[in-house]
Amino acid sequence: MTAASVQSVLPCQPPRVLAGRTDVGARPRLIAVAGVLIVLLAAALRFHHLADASLTHDEAWRVNGMRAGDLDMRRWFPPGQMAVSWALQHLLGSSELLVRLPSAVCGLGAVVLLAWFMSRRLGRAAGVAAAACLAFHPQAIVYSRVVKEFGYEMLLTVVLAWAGSALIERPSRTALRFFTAASIGAMCFGFAPVLVVAAWGPAAWWSLRSARRDDPGLTRRYILAGIVLAGLAVSLYLWWSGCRFRQGIMQYFTTTERAWPPPFHPVESAAWLADRTWALARYVFGVSAVWEPLATVLATLGLLAFIVGASVLWRRWRGFVIFTATLLLIAVIAGFARQWPYGAFRNNTYLAPLAAVYVGCGIVELIRGLPVAPARVLVIGALLVVPAVRAVRAAATLTPDEHLRPVLAEVRPQLQPGDALFVYYATDDAFAYYWPDPEVEALVQPRSDRGLDDRFEARFADLLERNRRVWFLMTHPFGEERVRWRALAERHAALLQHVTSGTADAWCFAPRLGRSADSSG
């Protein structure tokens, strides 16, 4: 057997695409030490003060629903995540640390697995650079620290990238079983993996052309695996839509809000495309405002590294480029067809590991190709060191600031007989999590009041007439409702005290003296 044939049989061996004899001139030991430091820093950024912040409205809603086994949660959590959360809460409790821990572990696992996978496929330097891009990605950090599906999905994307690349590079029954098993598990634990699995489909069928000559029965197994995965995807969609065929299937393609194919309007379509492109860019380069000088520099250099990485991957790992291009196309179609769960900006976080592959490869190639040492320092500093420094400096603000827990801890001892609580409609779940059995009358504003100032004013005035004081609790405000509704409350009552922490507020109101006299008379 020749050396060339050995290489074709073992495609998972690192081909040293971006590396010379010693990985772009750097010492292997130095690269290994850098990789360990990156993983340790990634762990610190994801686990640092994980339990300090109060649960947000979205987190508390998920925790309360999954603790109660509410099947209505299926729209926001796949069955695998619901089962894990339900089991952990009933076995270990539902503290802030425990409910956020699975997402943080998955977010860190994505960094570690990406480093290992890329090191095997493209060399150690590329693996460390890609892991650094993901480790210091602001959105990847933030969404690994909350009770949502994004931490799971980043890890599952890396797993499916590994399984899919193994299948198309060396089609075999073993690779097909591994890919099928990984796909089934991933789709049970995330919405985005459905798109990732679908994106591997065309490349997998194309790779079958050369493999079926050696194994004629492989075609039948491919067809069977495709039927199983397609059936699971449809079943999960029915699960997500509430198992209502007419509403879940027919309206998916016929809804007037997100019809497919969408009506074409030059201005609106261009605005939609620019909006989506910038949203994706945020998750590729980790910037929040392109007009900030630092963000502009980082975005420009990140785009340059992305383009260079894409050119290298096209030459050396073409199947991965075709896969990511197919995935982006499917994601755009899914976002057009229906906003949730694929169209919202933050739901594109699962693309961050794939973007890290491109940018990481581009960084290594730029370092390798730049002959001047200062230019190499600029690339390393701008694309690796600066994001790390920004992430560390922002460590104190990595968790949301809806600090309802300290607000309630200050309000609770001050309650008096005749007090009442008026709970803002987007505060209800966090309130139920931290104060399930209040000692006084508590009126939870219905969500149907959103944006309706007259309903809020009527409910508040009615509660004020029956009680001596009313504490108005608010977190997660929508629009200008914080300012407007406080002003409406002050039309009927005098403000006695204001307790605040982050974006959580508690205002204590009492009837005005003139109004109290009128009521007593």
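The model is predicted, with local features requiring pLDDT of at least 70 and side-chain atom pairs counted only at pLDDT 80 or more, while totals for chains, interfaces and linings use all residues. Residues are numbered from 1 along each chain as its sequence is written, and side-chain values use heavy atoms, with hydrogens and water left out.

The protein chain has 22 helices and five strands; these are DSSP runs numbered from the N terminus, helices being H or I of at least four residues and strands E of at least two. Of its 521 residues, 49% count as buried (buried means under 20% relative accessible area, exposed over 50%, partly exposed in between, with a 1.4 Å probe and protein chains only). Contact is defined as heavy atoms within 4.5 Å. Among contacts between residues at least 6 apart in sequence, 74% join residues at least 24 apart.

Helix α16 (residues 352-369) and helix α17 (residues 373-393) have axes that come within 9 Å and cross at roughly 165°. Axes are lines fitted to C-alpha atoms, for helices over the stretch in contact, and angles run from 0 to 180 degrees between N-to-C directions. The crossing angle therefore makes α16 roughly antiparallel to α17 (angles under 35 degrees count as roughly parallel, over 145 as roughly antiparallel, 65 to 115 as roughly perpendicular and the rest as oblique). From α16, the residues I363, L366, I367 and R368 meet R376, V379, I380, L383 and L384 of α17. The residues of this contact comprise seven nonpolar, no polar and two charged; Ala, Val, Leu, Ile, Met, Phe, Trp, Tyr, Cys and Pro count as nonpolar, Asp, Glu, Lys and Arg as charged, and the others, Gly among them, as polar.

N64 is located in helix α3 (residues 57-67). With a relative accessibility of 15%, N64 counts as buried. Leaving aside neighbours within four places in sequence, N64 is in contact with D429, A432 and Y433. A polar atom of the N64 side chain lies 3.0 Å from the backbone oxygen of D429.

Most residues other than glycine have a negative phi. For H49, phi is near 50°, a positive value. H49 is found in the loop between α2 (28-47) and α3 and is partly exposed, with a relative accessible area of 47%. Phi of H476 is also positive, near 55°, and H476 lies in the loop between β3 (469-474) and α21 (481-492).

Conventions:
A polar contact is a pair of N or O atoms within 3.5 Å; within protein, one must be able to donate a hydrogen and the other to accept it, and residues adjacent in sequence count only if both atoms are side-chain atoms.
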